[in-house]
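Dear colleague,

Please find the structure below, passed to you for your own work. A short account of the findings follows it.

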Number of protein chains: 2
Amino acid sequence: MRLNTVQLSRMDITDPFWKQYTDLVEDVIIPYQWDIMNDNVPGVESSHCLENFKIAAGLKKGQFYGAVFQDTDVAKWLEAVGYSLAEKKNEKLEKLADDAIDVIVQAQQEDGYLDTYFIIKEPSQRWRNLCEGHELYSAGHMIEAAVAYYEGTGKRKLLDSMIRLADLICRTFGPEEGQNHGYPGHQEIELALVRLYRVTQDKKYLEQAKYFLDIRGAGKNYFLEERKQENFKRIFPEFEDYDPAYSQSHEPVREQKTAEGHAVRAVYMYSAMADVAEEYQDKELMEACVALWENITQKRMYITGGIGSSGFLERFTTDYDLPNDSNYSETCASIGMALFSLRMANITRNSRYAELMEQELYNNILAGIAQDGKSFFYVNPLEIKPRQCMSHTSRAHVKARRQKWFGVACCPPNIARTLASLGQYIYGVDGADIYTHLYIGNQTYIPVNNDVVKITMDSMFPWEGNIKVKVQGVKEKVRLHFRIPSYAENFRLYCDGKEQELTVSKGYACVEICRDSELSIQFDMPVEFLHADPRVSADVGKVAIKRGPIVYCLEEVDNGAELQCIYLSGKAAQKKKSTYFSECLELELQGRRLIPRNGELYSSAGLTYEDAVVRAIPYAYWNNRGEGEMLVWIHEMIGN
Amino acid sequence: MRLNTVQLSRMDITDPFWKQYTDLVEDVIIPYQWDIMNDNVPGVESSHCLENFKIAAGLKKGQFYGAVFQDTDVAKWLEAVGYSLAEKKNEKLEKLADDAIDVIVQAQQEDGYLDTYFIIKEPSQRWRNLCEGHELYSAGHMIEAAVAYYEGTGKRKLLDSMIRLADLICRTFGPEEGQNHGYPGHQEIELALVRLYRVTQDKKYLEQAKYFLDIRGAGKNYFLEERKQENFKRIFPEFEDYDPAYSQSHEPVREQKTAEGHAVRAVYMYSAMADVAEEYQDKELMEACVALWENITQKRMYITGGIGSSGFLERFTTDYDLPNDSNYSETCASIGMALFSLRMANITRNSRYAELMEQELYNNILAGIAQDGKSFFYVNPLEIKPRQCMSHTSRAHVKARRQKWFGVACCPPNIARTLASLGQYIYGVDGADIYTHLYIGNQTYIPVNNDVVKITMDSMFPWEGNIKVKVQGVKEKVRLHFRIPSYAENFRLYCDGKEQELTVSKGYACVEICRDSELSIQFDMPVEFLHADPRVSADVGKVAIKRGPIVYCLEEVDNGAELQCIYLSGKAAQKKKSTYFSECLELELQGRRLIPRNGELYSSAGLTYEDAVVRAIPYAYWNNRGEGEMLVWIHEMIGN
């Protein structure tokens, strides 16, 4: 039996670290994205996505504009709004969303079909180019939005509309003669159908999700066959020489043991695989999930949680191939990895999955958004020299500053919906068992068997390992399971002032209470100096600094230019309160700096060093103080 | 007054190091490329380039096939044949070439035009797409072939034909009204026109070369204007978003101070700039040449001589941006850099230019060809893990083994013509002054004022710094200038057994003789451990090994896999005679090897090392013993 997430409507995030971001969602990001979607932000690439719906609905005249999956911007925005309204009523916002939903529903076709690109621009091409057309991907996001909006507001209008679309998909795709035997070019519909099943309890959606997974990569590759259709219309020029591994359709999903292809596609699919494996108790499918998760985290992931080491095609490459300055590490891929890990955490109750969620959230995901909530990274390098990220070169995809908005705008609204649904990552509940995955301060009402307990968690995490948990309303036995982070030293658990002997299972310490209690979790978080497996060429001779879940980096503004000239020479680290970032611990370390010489490019003249104080800030906070160099993996002195 | 190269017909290469390659040219490469061009090599990509000429000549029916510059394969082959026949008669080969020339001349149009792509496929598009069409580039290569073939055989047929083409070009392009004010999208015609001028003494060709340089990058960019023509036909999809710097047309050539854009285009142009600067005593143009040469060699060149650090667009990027595993470093670009440096050496008589020719020839250029003469590298990385060079990724351009032939086959025939004309790099002559740029064993008749002296040079260079030079036929005073390599220690010069006091000018030691003499040049070549300027991020903490002109590398076959785990721990190097490569010194060094651990991808557990013997071979010889890892920049232990 899997653990369940807690309804967002019953939870308030009070965490000092995260509240600055979750407040941003409602105050800045959602309104800003609304303006973007309505093309009301000057100097920003046109979105046109609401306009597309109006045109498709016949309310306006005009042409489709944007990416083939432009609809998903509205979907992710609505999903974020749903989560936000669950946490806090906001009539003005709800009105905007209701109006948008009215337009969306009007754009939907008689038979349930909805995709403005195909409705406006290519009506004859419906479902004919699954490889590139993204119809099922867009449908998936709109279904997720419908579920979130229903859960956040109780309103069924979009949900009912998406049920009609899902029903059309179930009729259209399947093994029967006359049905389309294809599957999505970009996965997302699978996990959305599972969500729809869970909210409607109609099993056909779950079965449809399973069908899409079962058929994928089986037999002749659908995408290579599909393009042989008469009058087939191509969309992306770079898909000319299509490799099925790009969309994880190179072999049946159960047989996949290594993470291949486009990283976002991959992890969205793995998330659905975990869902379906759990629902059907499909051991083989679960084994594939475990193998894929292990392959990523042990061989194909950056220390920041970034995945997808190739800039070209935003894809996984091969084991230990993790260049720091030319990677993709898309923010959306880390969001997908967090979603996959959340499912694995709730299914297995093994803390390593929760720890990875934490690693993603505190590092690669958070790096995707500026502290003002208005600019965003798609690509998250671990090392950058701005002048080397030139257009028309191999590093053109790496940006030296966050962008206001993007033509292909997947990441910004994805960050919004992630921050708005942060609460889902904190707890997992099953009967009287409450698992605390993450130490994010909150106040939550959790159903426990037939009662409801109120949990109040206060902490200064990730800066301090000192968490207070107040549990109220306890009538029967409740078992609280607290994750013991791998980086924690000297982990202690107190209940009503009394230190508990730890009963640990798969990384969670359990304490049983039968009455209202006050707990305290304490652990030390020493600064860690981490080496990568030496098979990661890019990191040999280098060290990364981490404290708790926070990966640190050096920035030019603190350390001067040519960061690669800095060597760490010792392991003493002083913690300093940041003067720039609120509630942030920076680190000061001892180092030496290689002195650039004047002269030949290559020379046998000796090298000289000077002592240097090295200042590190959390990776997630880089590029908030202007453009400059940044570096995660720092050289270290290694003597004979 | 510039130094002149020596006619290849008066020179025999006898050098043990190079003879294995120059013999290959006649015995293997030229016949093999003939078969390729005639599509007689099974399993190799179709060339069709002779077929194109036959179709254009009306001798066969059929379609054009190949790249827009497919004609240049035949041109470079003919150029190589010309050089080869200069050194040694070969009737069978000459017959093949004569027959090919007959077809080429028949393909030429009434007015002198020649380009099979446009003749067969796009007759209406002649000179309309200079940016992508490569007509002037192809013309340049065919003119170079005509000059070489005339000089090698005395036959004028191709030369006369190319004079007609050059005349057409001079009529077509120029500043007058009614003339086309464009210039080539890929430079090459400029240096070819200078060669044609030097063989015909018709100054209009020199003036045309100067015109193409003067007009380039002046005023509105021609290529951006050209594409506005009605019915303009695009050729390369990647040129959609064209940046004039790609073709060095972003500013007037005299104002260019940094090497930008496509590396081959750049250095071919710089070669012509040097020619024209010298012919016109154009100081400003010469200053641009010096600045560009210095920018490349001091900031944008690999230690192997490779240039063009971006895989995308095969281009220069920015100062000190020299990644080792994703670079382009095209073989052709190094050939162009050698041609540029040869001109600079003969104009300035400064040894640094000759030293760079040597660096290119012994490293990046030679690496382009396998020891059997039948397979070739375009891209020359300094570090490779074969499994990481996957298709559909950012490193797809890096190949782990030399290729049989290429669809775009510029490098193989370029290597052939370079090896066949190796003699031009050795000496520079002006009156009674003979400069020895390179210590390549040879026997040569050199005109000195009104006489001819015979020079016989014997050496085991680059393995030993011990060169014997016999000069015969000396009637009047002759001044011999011998280059003092920067890597030479304890340079000594003996004349008839007597050590000479060195008179050194710009890196050349001069000795004056008045009668037949025997000279001996001796110097030590210690193994050098070189560091890159610390601004080259990729090389910090690493060292490269060089002895004389030879850059060394590690290969997996000698050192096992995971070469990045090897640290050099000392500077003792033992020279060992290679058991695999004939006449080759390998090096054995002391090192330590980081032991891969089993466990987490990122861990604070300490690292462990074991002692290791490190074996290095010349970089140019890598990938002759099967596929495997290779590494030039080796980690080194750096203590506190």
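How much space lies in the second largest cavity? About 70 Å³ lies there, in a predicted model that holds 14 cavities of 30 Å³ or more. A cavity here is a set of points, on a 1 Å grid over the protein atoms alone, where a 1.4 Å probe fits but cannot get out, and lining residues have an atom within 4 Å of a point. Grid points are joined across faces, edges and corners, and a volume is the space filled by probe spheres set on the points.

The lining of the second largest cavity includes Y567(A), H635(A), E636(A), Y567(B), H635(B) and E636(B). Strand 22 (634-636) of chain A and strand 22 (634-636) of chain B are the elements that give two or more residues to this lining. Strands (E, at least two residues) and helices (H or I, at least four) are DSSP runs, numbered from the N terminus.

In chain B, the axes of helix 14 (residues 331-348) and helix 15 (residues 351-367) come within 8 Å and cross at roughly 160°. Axes are lines fitted to C-alpha atoms, for helices over the stretch in contact, and angles run from 0 to 180 degrees between N-to-C directions. Helix 14 of chain B is therefore roughly antiparallel to helix 15 of chain B (an angle over 145 degrees).

Residues are numbered from 1 along each chain as its sequence is written, and chains are lettered from A and ligands numbered from 1 in the order in which they are written. Local features need pLDDT of at least 70, side-chain atom pairs count only at pLDDT 80 or more, and totals for chains, interfaces and linings use all residues, while side-chain values use heavy atoms, with hydrogens and water left out.

Yours sincerely

Notes. 1 Å grid on protein atoms, 1.4 Å probe; cavity = no way out; pocket = protein on both sides within 12 Å on 5 of 7 lines; lining within 4 Å. Parallel < 35°, antiparallel > 145°, perpendicular 65-115°, else oblique.
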